[in-house]
Amino acid sequence: MRVVAVDFGSKRIGLAVGDSDLRVASPLETLAASGSLQRDARAIDEVARREEAGALVVGLPLDERGESTAMSRVCAQLAERLEELKWTVHTQDESMSSIQAEAGLVYDKASQRRRRRDAAAACVILERFFDAQGAS
């Protein structure tokens with residue numbers, strides 16, 4: 001099944017797509033956040049439909065103790081909006097995913113890194129999700 005992962009931020013939304021059978025993820029694109037969870041959910045819905053996804057994974061930025069943060073609560077609300085659009089939505093701890101993604105982009109120019117970091121972070125989220133599914 002194809003799965004789209006979401007790295008949600010207040011300015012940008014990174015997206016990645018992967019195959020749950022092959023457990024391979026690839027960066028898709030980065031959307032500009034609109035400031036409205038409903039509009040952002042519709043934009044994600046559009047991309048996921050285009051990618052023929054069967055499910056979505058939304059990253060939750062938990063704190064160092066694995067507890068909820070203000071931003072993780074916003075991401076949970078986004079997941080609810082996506083469920084209202086009839087998606088199966090999973091959540092995945094995304095702690096440090098942007099830092100891990102940035103490390104993978106070390107050879108890119110700074111301007112390229114900024115554009116690609118959020119989609120690369122979504123890849124990290126999706127890879128973690130696949131790893132967690134394989135472990136269960």
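Colleague: How many residues does helix H2 have, and how far does H2 reach from its first C-alpha to its last?

Modeller: This is a predicted model. In it, H2 covers residues 70-84, which is 15 residues. The reach is 22 Å, close to the 21 Å expected at 1.5 Å a residue.

Colleague: Which residues of H2 are buried?

Modeller: Ser72, Cys75, Leu78, Ala79 and Leu82. They sit on the same side of H2, because they cover an arc of only 110° around the axis.

Colleague: What about phi just after H2?

Modeller: Lys86 has a positive phi there, about 75°.

Colleague: Switching to Asp118. Where is that, and is Asp118 buried or exposed?

Modeller: Asp118 is in helix H4, residues 110-135. Asp118 is buried, because its relative accessible area is 8% and the cut-off for buried is under 20%.

Colleague: Which residues does Asp118 touch, leaving out those up to four places away in sequence?

Modeller: Asp7, Arg12, Gly14, Leu15 and Thr30.

Colleague: Last topic. How many aromatic pairs does the structure hold?

Modeller: One. Phe129 and Phe130 form a tilted pair, with 6.1 Å centre to centre and 50° between the planes.

Colleague: Are those two Phe residues, Phe129 and Phe130, buried or exposed?

Modeller: Both Phe129 and Phe130 are buried.

Terms used
Residues are numbered from 1 along each chain as its sequence is written. This is a predicted model: local features need pLDDT of at least 70, side-chain atom pairs count only at pLDDT 80 or more; totals for chains, interfaces and linings use all residues. Side-chain values use heavy atoms; hydrogens and water are left out. Helices (H or I, at least four residues) and strands (E, at least two) are DSSP runs, numbered from the N terminus. Buried means under 20% relative accessible area, exposed over 50%, partly exposed in between (1.4 Å probe, protein chains only). Contact means heavy atoms within 4.5 Å. The expected span of a helix is 1.5 Å times one less than its number of residues. The arc is that of the directions from the helix axis to the C-beta atoms. Rings of Phe, Tyr and Trp (its six-membered ring) pair if their centres lie within 6.5 Å; planes under 30 degrees apart count as stacked, over 60 as edge-to-face and the rest as tilted.
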